[in-house]
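Here is a briefing on the structure shown below.

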Amino acid sequence: MIFSMLAMLFAFGALIVAGLAWSRSNDTKDALAKVQAGGVTPTSTAVTLQEYTMTPHAAVLKAGTVTLNVHNVGSVTHELVLVNEPSIAALPIVQTATKDRAVGDVNEEAIPDNLKMGETGDVKPGHTVVKTFHLTPGTYVMFCNIDDQGPNGTAINHFHQGMAATISTQ
Ligand SMILES: [Cu+2]
């Protein structure tokens with residue numbers, strides 16, 4: 001008698017667990033359908049870095065806390081610097097080389113601190129850095145400002161090679 005009651009309890013428990021899992025998976029499906037229908041602006045996106053491109057998988061994100069999952073699929077170290085500028089063309093560019101900056105680099109020192117949203121730091125080949133930013137509605141430029149030494153001693157600036165992209169928040 002006790003055994004059969006226990007068996008019934010277990011069966012009932014299993015039913016509840018299955019029901020909860022079903023309802024959770026339906027919630028996930030609903031959220032996914034909304035994103036696919038364009039009803040929900042994502043709060044995070046993957047960004048792929050390689051030589052020499054920077055590709056955010058979503059171009060428009062929801063303002064507020066924004067998470068970038070930054071994957072370096074290339075074979076050299078990259079970074080992602082995020083600034084509040086209206087376009088890539090609006091970035092200040094180094095005209096005269098210094099000990100830290102080559103001609104053609106983004107002149108980060110010329111960007112006001114309140115427009116600097118943050119950066120990943122070095123992202124090594126094959127690595128992923130997850131970075132959270134607090135963004136008001138607007139347009140943001142991401143770029144990689146790393147310099148590598150070219151074969152003849154000249155700097156190869158990743159930004160100058162094309163490693164920049166824009167995202168916007170709303
Ligand atoms: Cu780079």
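In this predicted model, β4 and β7 run antiparallel and are joined by 8 bridges.

**The four-stranded sheet**

- β4 and β7 belong to an open sheet of 4 strands, in the order β2-β1-β4-β7, with mixed pairing.
- β2 and β7 are the edge strands; each has a single partner, so one side of each lacks a neighbour in the sheet.
- Neighbouring strands here are turned by 25° against each other on average, direction ignored.
- β1 (44–50) and β4 (64–72) run parallel. They are joined by 6 bridges.
- β1 and β2 run antiparallel, with 4 bridges between them.
- In general, strands of a sheet pair through backbone hydrogen bonds, either parallel or antiparallel.

**The β1–β2 hairpin**

- A hairpin of 2 residues links β1 to β2.
- Two of the bridge pairs are T48 with T55 in β2 and Q50 with T53 in β2.
- Y52 lies in the loop between β1 and β2 (53–56).
- The peptide bond from E51 to Y52 is cis, with omega near -15°.
- Most peptide bonds are trans.

**The nonpolar core**

- The largest nonpolar core holds 27 residues. Those touching the most other members are M54, L80, M142, F143 and C144.
- At least two residues each come from β1, β4, β5 (81–83), β7 (128–135), β8 (138–143) and β11 (164–169).
- β8 gives the largest share of this core, with 4 residues.
- What does L80 touch, not counting residues up to four places away in sequence? Its contacts are V47, L49, M54, L68, V70, E119, T120, M142 and C144.
- In soluble globular proteins, nonpolar side chains tend to be buried together.

- K62 sits in the loop between β3 (60–61) and β4.
- Is K62 buried, exposed or partly exposed? K62 is partly exposed, because 16 other C-beta atoms lie within 10 Å, while a residue needs 20 or more to be buried and 12 or fewer to be exposed.
- Leaving aside neighbours within four places in sequence, the contacts of K62 are T41, P42, T43 and T169.
- How far apart are the C-alpha atoms of K62 and Q170? They are separated by 5.3 Å, although the two residues are 108 residues apart along the chain.

**The protein as a whole**

- The secondary structure comes to 1 helix and 11 strands.
- From the N terminus, the order of elements is α-β-β-β-β-β-β-β-β-β-β-β.
- The protein has 170 residues, of which 24% count as buried.
- Of the contacts with a separation of 6 or more, 63% are between residues 24 or more positions apart.

Conventions. Residues numbered from 1 in each chain as written. Predicted model: local features only at pLDDT ≥ 70, side-chain atom pairs only at ≥ 80, totals over all residues. Contact = placed C-beta atoms within 7 Å. Core = buried A, V, L, I, M, F, W, Y, C linked by C-beta atoms within 7 Å. Pairing = 2+ DSSP bridges. Axes fitted to C-alpha atoms, helices over the stretch in contact; angles between N-to-C directions.
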